[in-house]
Amino acid sequence: MTPDGPWWTRSVVYQVYPRSFMDSDGDGIGDLGGILQRLDHLTDLGVDVLWLSPIYPSPQADNGYDISDYTDIDPLFGSLAQLDELIAALHARGMKLVMDLVVNHTSDEHPWFVDARSSKDSPKRDWYWWRPPREGFAAGAPGAEPTNWQSFFSGPTWTLDEASGEYYLHLFDRRQPDLNWENPEVRQAVHAMMRWWLDRGVDGFRMDVINMISKDLRPRDGSPAGELHDGPPLPGSSLGSGYASFICGPRIHEFLQEMHREVFAGRDGPVLTVGEMPGVTVEQARLFTDPARAEVDMVFQFEHVGLDHGTSKWDVHPLRMRDLKASFGRWQAGLAEVGWNSLYWDNHDQPRAVSRFGDDSPRYRRDSATCLATLLHLHRGTPYVYQGEEIGMANYPFTSLEEFADVESLNHHVHAVTAGQAPAEVLAALRVASRDNARTPVQWDGSPNAGFTTGRPWLAVNPDHVEWNAEAQRGDPTSVLAHYRRLIALRRELPVVALGAFAMLLPEHDDVYAFTRSLDGETLLVVCNVSRTPYDLTALLPEAVGAELVLGNLPDAGAELRPWEARVLRPAA
Ligand code: TEU
């Protein structure tokens, strides 16, 4: 690291989920033309990088995370010419473009898979994972799947291909077959594709579930090498967890180092790589992000977004603040000397943070949204803002199954109801945990479709857009939007925000999240009341008394730390 740190230590990334960002042609689905129309919003916010969720040709089984052509744009979203236009427009504004790289799996309609499926002798057969039925089982019989792994999207990770009598592996939906990274041809094809995008002018990649590309084939209990193994059974299910076989598998570091060598090494100009890594530990993350190892710049970890989960993501519990402190504190400490954190509350897979960790009641919605933002952005790491988060967008008031579109939600409903759970109970879980909460259209203004489309939006606009929208907040210095603007600017202004050392305070406190950041003799004290209970700040943190207010989310800061109040302070020397 240079003394100033790499450029992305001072940067904030903005994630666009194109389907729901802005529709320019009235078909109800967001597109590249729409993004081009709304670039002023990003400039106004002050973000440095735009991360674009997938816009490649796709049957849209998982909204583009099922890709059927890696080097083109789906006509739904526009054209390559428009992407070039977007790259140029962003660069002209001093911003960078990071593309989503989805290479753990393809669509089942990708020509590679179509070819692989066509015959056992296809030269592409080995580009995917094919296995015969479990020994002693007839193809298609219950339990005949080659391993007992449960898919992320419910049911087994194996689907039978009737024609060949073999199963293929898919960690996600059956329309998302996993690529076989053991095969060097697969890796070379991916590297070539990545170089093609960099040559076109993109500035990096967000790598979808990249820590799942190496599957564990090591021999176990005397079995020969090359076999995949069952995982521990999941409670109340005939399936098991395959995590130990594919989360950060044996060759993951080798594959990422090879990718770095083949794709990034020796290139001019700054690039950004962020690996999405469900289940990654802080120890692993330190290896992945150690610059000396040349793997990725940072990873998305999932610990904090799992703290309110019980037996599954559908079993939601309230977050205990001390758990969050323990988790974030460990990640801050673990990547303090080596490596780098990414920081996020929201993305296209997570329910809205203001509803989930904040308080979206009318009284506290603005205050809790700005409080959570302050808490996160003052940590050490690169913050990611997900579209709509900057205007305090909240979960959708779902009331019926017909309102959901997400494959994960719909699959879960089928499986849970088939397994005997009451439909009303399943619906209640979807309401709070469904990914569709994040995917409702961005609320640009108070008009009937929130300024998102002139047509019929593919997913309903949240009725609260009448009050909660970008237009209403743009000129309002007390808005959530204005607060995000200030936080983003602060990171660029103060090196201590970008690089300062992190120290947690009050680790056991249930309602007040406090920490310091310090660099070269400068210290910031950050105090956030993540509750409705007021606290006496003097009693809690005497060092806050007489401190200069660098940034706060409520006017007239005094001795009382009010509900959802957040302050960034410079204590008297
Ligand atoms: O998500 C990875 C992942 O682990 C998901 O299971 C996610 O955590 C889950 O949806 C939360 O409920 C990535 C993408 O971000 C997601 O949109 C894709 O569906 C998935 O990979 C498959 O590509």
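Good morning. Helix H9 (321-334) and strand E10 (342-343) each contribute at least two residues to the lining of the second largest cavity. Please keep in mind that the structure before you is a predicted model.

Let me stay with this second largest cavity. Its space amounts to about 50 Å³. Helix H9 provides the largest share of its lining, namely three residues. Among the residues that line the second largest cavity are Phe 328, Trp 331, Gln 332, Ser 342, Leu 343 and His 379. Sorted by class, this lining has five nonpolar and six polar residues, and no charged ones.

How many cavities of 30 Å³ or more does the structure hold? There are four. Helix H11 gives the most, with three residues. The residues lining the largest cavity include Trp 345, Asp 346, Leu 372, Glu 389 and Tyr 484. In this lining, eight residues are nonpolar, one is polar and two are charged.

I now turn to a sheet. Three strands make up an open sheet in the order E4-E6-E5, with antiparallel pairing. Strand E4 (130-131) and strand E5 (158-161) are the edge strands, each pairing on one side only. Strand E4 is joined to strand E6 (residues 166-169) by two bridges, and these strands run antiparallel. Which residue in E6 is the bridge partner of Arg 131? The partner is Tyr 167.

Thank you for your attention.

Notes:
Residues are numbered from 1 along each chain as its sequence is written. This is a predicted model: local features need pLDDT of at least 70, side-chain atom pairs count only at pLDDT 80 or more; totals for chains, interfaces and linings use all residues. Side-chain values use heavy atoms; hydrogens and water are left out. Two strands pair if DSSP finds at least two bridges between them. Helices (H or I, at least four residues) and strands (E, at least two) are DSSP runs, numbered from the N terminus. On a 1 Å grid over the protein atoms alone, a cavity is a set of points where a 1.4 Å probe fits but cannot get out, and a pocket is an open set with protein on both sides within 12 Å along at least five of seven lines; lining residues have an atom within 4 Å of a point. Grid points are joined across faces, edges and corners, and a volume is the space filled by probe spheres set on the points. Ala, Val, Leu, Ile, Met, Phe, Trp, Tyr, Cys and Pro count as nonpolar, Asp, Glu, Lys and Arg as charged, and the others, Gly among them, as polar.
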